[in-house]
Amino acid sequence: MVRAGLTTERLVRAGAELADEVGFEQVTVSALARRFDVKVASLYSHLKNSQDLKTRIALLALAELADRAAEALAGRSGKDALGAFADVYRDYALAHPGRYTAARYPLDPETAAASAGPRHAQLTRAILRGYDLPEPDQTHAVRLLGSVFHGYVSLETAGGFAHSAPDSQESWTRIVDALDSLLRNWPTP
């Protein structure tokens with residue numbers, strides 16, 4: 001018998017909250033069952049296994065990030081759009097560390113194609129249109145921005161910038177300025 005009030009959506013959201021609290025790696029169907037004070041077997045009518053749960057959390061995180069990025073980019077262009085986009089990723093990672101990790105969870109090609117992942121690339125390319133980058137430079141720039149944002153956020157959330165001046169916000173602002181300058185002056189081969 002399915003426990004009243006348990007739905008797949010509710011379980012995935014609770015799994016995402018759990019990921020933010022204890023880390024995405026620690027999220028399992030067993031941990032989720034403990035959270036709801038139910039037997040593990042009662043969750044299997046909603047979730048196949050822990051991998052299914054993690055995939056669903058990843059899809060939720062990708063969608064949340066894409067929605068926030070789209071909202072932040074509306075009506076912006078150039079450096080203003082770049083800064084807003086960068087801040088969405090950083091703010092999301094700081095507020096939701098488990099979900100941010102989930103957004104990097106490996107998905108099979110079919111699931112990835114149907115996820116909000118392609119929206120992230122489209123949003124990044126929308127920013128880059130303001131910099132008039134042709135292909136393949138646009139693809140290189142998408143990869144550069146993703147690498148810088150993810151690398152910075154990963155180091156920051158691990159405490160890598162906590163013990164030295166200037167504070168990480170000042171560095172973040174300078175990095176976005178530097179990226180804007182690079183994009184406006186993209187090197188030609």
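**Exercise 1.** Both Arg90 and Glu156 are buried, where buried means under 20% relative accessible area, exposed over 50% and partly exposed in between (1.4 Å probe, protein chains only). Work out what joins their side chains and which helices they sit in.

*A note before you start.* This is a predicted model, where local features need pLDDT of at least 70 and side-chain atom pairs count only at pLDDT 80 or more, while totals for chains, interfaces and linings use all residues. Residues are numbered from 1 along each chain as its sequence is written, and side-chain values use heavy atoms, with hydrogens and water left out.

*Solution.*
Step 1: the side chains of Arg90 and Glu156 meet in a salt bridge, 2.7 Å from N to O. The rule asks for a side-chain nitrogen of Lys or Arg within 4 Å of a carboxyl oxygen of Asp or Glu.
Step 2: Arg90 is in helix 4 and Glu156 in helix 8, 66 residues apart. Helices here are DSSP runs (H or I, at least four residues), numbered from the N terminus.

**Exercise 2.** Find the salt-bridge partner of Arg99, then decide whether Arg99 is buried or exposed.

*Solution.*
Step 1: look for Glu64; the closest N and O atoms of this salt bridge are 2.8 Å apart.
Step 2: Arg99 lies in helix 5 and Glu64 in helix 3, 35 residues apart.
Step 3: Arg99 has 9% relative accessibility, so it counts as buried. Glu64, at 14%, is buried too.
Step 4: zoom out, and Glu64 and Arg99 turn up in a salt-bridge network with Glu9, Arg13 and Asp20.

Notes
Helix = DSSP H or I, 4+ residues; strand = E, 2+ residues; numbered from the N terminus.
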